[in-house]
Amino acid sequence: MRSVVFVERLEFEFSGNVFPNAVVLGDVDNDNENELLVGNAEGELSVFKGNNTQPWATCSNLGMITCLGVGDICNSGKNCLVTISGEGLCSIFYRVPAAKTEVHELAEADIVSDDTILTPCHTQHLTANIKVVLIDDIDGDGKMEFVVGHTDRVVSAYRWVDKQLPSSNESCPFVPGKFLLLQKWHLNGQIGSLSLSRHPDGQPKLIVSQPGCNYAELLCSWVKGHVEEVTGPNSSKSETYVKWHPITNKRARNANVSTELVGRICRSADCEDRTNAHGGKDPVPSRMAMCTLDGTLMMIEEDKILWSLLVDHQLFALTKFDINCDGQDEVVVCAWDGQTYIVNHSQESVRFHFQENVCAFCAGQYSTTGANKPCLVYATFNKRIYLYWNVQIPRIPSADLQLALSRNEKVQKKLKELNIDVTDTSKLRELYQWCFYGNHPRKETEDQT
């Protein structure tokens with residue numbers, strides 16, 4: 001496995017204890033440029049924008065922030081920022097996008113003005129001990145749901161309900177409302193992470209990780225047909241809407257080790273049409289990745305392990321993003337000591353070693369120059385957050401120089417002009433060695449004799 005080095009980075013100062021799910025990337029001001037959002041156990045929230053190392057917006061007194069989320073949680077067509085505290089306090093921030101000139105002025109001012117002090121537009125107390133949040137369409141109706149996981153092995157799903165008809169006032173587009181509880185699921189094991197996958201028919205599948213490289217599928221009681229899939233003579237009423245998927249790997253060192261997962265890992269084939277025997281289009285099987293704290297990383301398709309990777313590091317954070325910008329997601333996993341692995345669908349991987357221990361990690365898109373680019377974010381224990389931006393690499397697997405030159409049209413044209421046989425690989429190797437290093441093996445041998 002080869003190592004890579006990233007040098008372009010931003011350093012932010014942020015004090016306080018940061019939970020693993022309290023660092024996220026997202027577009028909170030709806031200008032199509034992602035920001036970095038960080039919350040701590042002291043109830044302080046900071047939003048960093050662009051290449052300015054000072055907070056673009058802040059808020060305090062939010063309780064012990066355990067997780068953050070960004071998405072169209074109110075189904076208004078605009079993203080909102082959601083903070084969740086350990087006490088169950090849910091705060092929603094809705095910010096109207098500022099003009100481009102105003103954004104640049106704020107970025108260059110290097111100060112936090114009164115205009116950048118965020119104020120929640122809605123607060124609501126939910127059940128306490130929330131550790132992870134998911135904002136996505138879990139029932140396929142085109143609207144977002146709000147799903148949270150608790151430390152007491154319970155998952156809760158909510159839906160935002162407006163108190164009145166949508167307002168036509170564009171200066172204040174947020175419509176007051178509240179979250180209504182849709183359903184609760186009780187799991188057997190400790191919850192690691194929540195994600196969304198896809199059924200073979202294209203319908204969404206809500207999944208939650210369980211200890212020992214396993215996961216459970218959570219079925220929605222309000223969706224017709226879900227309960228019939230798991231109801232049987234041996235099914236209890238409490239487990240009617242929980243479908244277990246044991247994917248325990250034989251290489252797993254501990255059957256009770258904590259597990260993280262991420263679903264809907266996009267590959268190039270996902271964009272290709274696949275025609276079935278009846279002339280219709282079949283969706284490509286969805287893939288997901290799982291990692292454990294004892295160093296196991298797996299890629300799974302329809303409950304079948306495609307490959308498994310074992311490392312000597314404690315893997316605690318797992319995500320996906322397109323580091324090559326080729327339309328295919330890579331799996332990114334980070335350990336407590338900063339060791340980061342980037343793996344593609346063929347199990348080809350590279351690693352990047354961040355030099356400090358980390359308490360939180362995320363990867364995704366961030367904008368520094370007006371366009372979102374791949375980035376890695378590390379929150380350390382010494383009151384610093386490091387964002388490596390523009391971490392694009394041309395390829396994951398190692399490249400062969402001779403193979404690369406054989407695909408270069410200019411090099412091949414020049415070789416033909418010099419009447420060099422391009423099929424003689426040994427002579428080409430000697431030629432390339434002489435061009436790059438200035439020595440000729442045959443001549444050195446003749447001089448020695």
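This is a predicted model: local features need pLDDT of at least 70, side-chain atom pairs count only at pLDDT 80 or more; totals for chains, interfaces and linings use all residues.
1. Now look at the two rings together. The centres of Phe-316 and Trp-336 are 3.8 Å apart and their planes meet at 10°, so this pair is stacked. Phe-316 belongs to strand β23 (residues 315-321), while Trp-336 sits in the loop between β24 (330-335) and β25 (339-343), so the contact ties together parts that are 20 residues apart in sequence.

2. Across the whole structure, a search finds 14 aromatic pairs. One of them joins Phe-12 and Phe-48 in a tilted arrangement, with 4.5 Å from centre to centre and 35° between the planes. Phe-12 comes from strand β2 (residues 9-13) and Phe-48 from strand β5 (residues 45-48), so parts 36 residues apart in sequence are tied together here. Phe-12 counts as buried at 0% relative accessibility, and Phe-48 is buried at 0% too.

3. Do have a look at the aromatic cluster as well: Phe-6, Phe-352, Phe-354, Phe-361, Tyr-378, Tyr-386 and Tyr-388 form one cluster.

4. A charged residue also meets a ring: Lys-49 lies over the face of Trp-56, at 5.4 Å from the ring centre.

5. Finally, a point from the records. An unreviewed UniProt entry lists residues 401-428 as "coiled-coil region". In the model, that span is 68% helix and 0% strand, and its end C-alpha atoms lie 11 Å apart.

Definitions and conventions. Residues are numbered from 1 along each chain as its sequence is written. Side-chain values use heavy atoms; hydrogens and water are left out. UniProt positions are given in the numbering used here, feature names are shortened, and annotations may be inferred rather than shown by experiment. Helices (H or I, at least four residues) and strands (E, at least two) are DSSP runs, numbered from the N terminus. Rings of Phe, Tyr and Trp (its six-membered ring) pair if their centres lie within 6.5 Å; planes under 30 degrees apart count as stacked, over 60 as edge-to-face and the rest as tilted. Buried means under 20% relative accessible area, exposed over 50%, partly exposed in between (1.4 Å probe, protein chains only). A charge sits over a ring if NZ of Lys or CZ of Arg is within 6 Å of the ring centre and within 35 degrees of the ring normal.
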